[in-house]
Amino acid sequence: MKRPRLTPSFILRRHFLASMASYDDVMSLSVRRGFLWPAVDLYGGFAGFYDYGHNGFLMRRRWEDLWTETFLGLSDNYYLIDTTTILPEAPLKASGHVDHFSDLLVTCTRCGESYRGDQLLEGATHEEHEGLTPAELDARIRELKIRCPNCKGELGPARPFNMMFPLDVGPTGKDRAYLRPETAQGVYLNFRREFEALRRKLPMGLAIVGRAYRNEISPRQGAYRMREFLQAELQIFFDPATFGAGLPFDAIASAPVRIAWAAEKNQPGAHEIFPKDLVASDLPPWYVYHLAAVQRFYLDRLRVPRDAFRFAELDEKERAFYNKIHFDIQVKQESLGGFKEVGGVHYRTDHDLKGHEAMSHAKQSVTFDGSRLIPHVLELSFGVDRNVWALLDLSYSKGERIVLRLPPRLARVGLARPVVQQRRADRLATPAAARARERRRLPPREQRRATRKDGGTPRKPEEALRRLLRRLRFNRPTVRSHGRNWHALHGDGGPRVARRKRSHRPRAGFAEADSSDRVGARRHAHATPRRRQDVRRVNAWRRHATSTPSSAASGMGSRGRSTVAAASPSRTPGDSRVPSSR
């Protein structure tokens, strides 16, 4: 048999267990560093309600994103939805919340302070006491001689107290409603619509990350027991006869699951049990598979130490009335005194859909693989606020200074080694950097002339000249020629520039005649600044390229002005064409 897998090496166990963090330590750090603090603190606070600061909100949002990524990734048919937070009385009556969603309340006969009965017993014995009847609770209080924590007065008899927040909807308040006590009911009310929209396939998963409300009798312990809180729940609808066959059970067969059975959950440890042994103990294979998936989320994604995590079984008296199998997800928190619940894996059977079918008279049964059935539900439920508090507790480390060593995916500030020099070297190795270095080796005037507009490679002189001549050739104006006799008669010595149609200024052409000529001077005067600049640049390149000292070869006219034709071959008499600028 393989040995149980130890905590992964990347988890520094000493970071979590270096010092025992008290509740006051974690709350003080949370308030000072902007994670979590009591709501309405300006007016003395509001019991059971908390606000998130800038660091706490970001940490909570990243936890939600990681949860969504992990559990919606279990199947291609799992989706995230959102529903209303106010529900009328009828669906909550059908689900059993109106009649059964209650805790036992005891009230002091002297000061009138109210307490939750099982919490008084837990404080006296350091053990959980859920599922007791009012008579059993009264007997245990008398046996342990528990008095009022406030005034030491005698406690009255226990009575059920419904934990839902009632609302009167409408101007007359005739419509009775409640703030939802859990996000799950919104999923069940939308099951048929989503089943049709998702093409009638099972298993189908619908998840909600949203707020729920419970009117706790005595909220305490920070974010652990709140009246307004966040839940992240995934409801998986499936056919129990075929669900297990489609899951990759072999992928989790070698990883032992940490289990504390119902009779042992008050002890600090847990058993390392392989999945096949859990199946042999009458747990369904699909239930064991999802236990392993939840454990992998905490150990691998949240990096919780292995010995600080476990599942705790609830027996028939302790679990909720709608659950057939119920294991709590527990994380060890020194600030709260040991293992505390942060979530649960619940097999709710078809209780909810049958209840809504009976109350609404709308069929909830579906046809899948040739058989008609009401799907069963497996619920993966997580308290977001409780998980945030647990991670703050586990990450708290007190030495020379207080440090929170959070998992990388949840940390507010990420740290890494400086890579500035490496990044600079990478930048210098790019082609753009090489072109810039080559450009900087040229004189400033040549940089401007020989560089592309987009900062590309410097052009060679031949390439620059070729581009300039091409621009001059394609942009030259229309030339009208009358022959040699006409030019001799008028004495202008060359062709005349014709104005373009719909143009207010002629585009200058350049003849072989000297620029001191009347027509040549007029052409040069009417040339656009861009064209004159191009001509000067062409002549400058030609002067640089030629070695002939004559004024004709150097491109200089009688007045020292540059002309394009000065370096061109002489035209024959009577030739009226503009010389080629090639």
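Valine 40 is found in the loop between β1 (36-38) and β2 (50-52), where strands (E, at least two residues) and helices (H or I, at least four) are DSSP runs numbered from the N terminus. The model is predicted: local features need pLDDT of at least 70 and side-chain atom pairs count only at pLDDT 80 or more, whereas totals for chains, interfaces and linings use all residues. Residues are numbered from 1 along each chain as its sequence is written, and side-chain values use heavy atoms, with hydrogens and water left out.

**Overall composition**
- The protein chain contains 20 helices and 23 strands.
- Of its 582 residues, 46% count as buried (under 20% relative accessible area; exposed is over 50%, partly exposed in between; 1.4 Å probe, protein chains only).

**Surface patch**
- Valine 40 counts as partly exposed, at 42% relative accessibility.

**Nonpolar cores**
- In the largest nonpolar core, of 71 residues, Trp63, Tyr287, Tyr298, Phe311 and Phe382 touch the most other members; such a core is a set of buried Ala, Val, Leu, Ile, Met, Phe, Trp, Tyr and Cys residues joined through side-chain atoms within 4.5 Å.
- Helix α11 (residues 285-301) gives the most to this core, with ten residues.
- Another core, of 18 residues, lies apart from it and includes Phe195, Phe368, Leu373 and Ile374.

**Salt bridges**
- The count comes to 22 salt bridges, each a side-chain nitrogen of Lys or Arg within 4 Å of a carboxyl oxygen of Asp or Glu.
- Arginine 301 and glutamate 69 meet in one of these (2.8 Å, N to O); because arginine 301 lies in helix α11 and glutamate 69 in helix α3 (residues 54-71), the pair ties together parts 232 residues apart in sequence.
- Arginine 116 forms a salt bridge with glutamate 216, with the closest N and O atoms 3.4 Å apart; arginine 116 lies in strand β6 (residues 114-116) and glutamate 216 in the loop between β10 (204-213) and β11 (228-238).
- Both arginine 116 and glutamate 216 are buried, and a network of salt bridges links Asp103, Arg116, Asp118 and Glu216.
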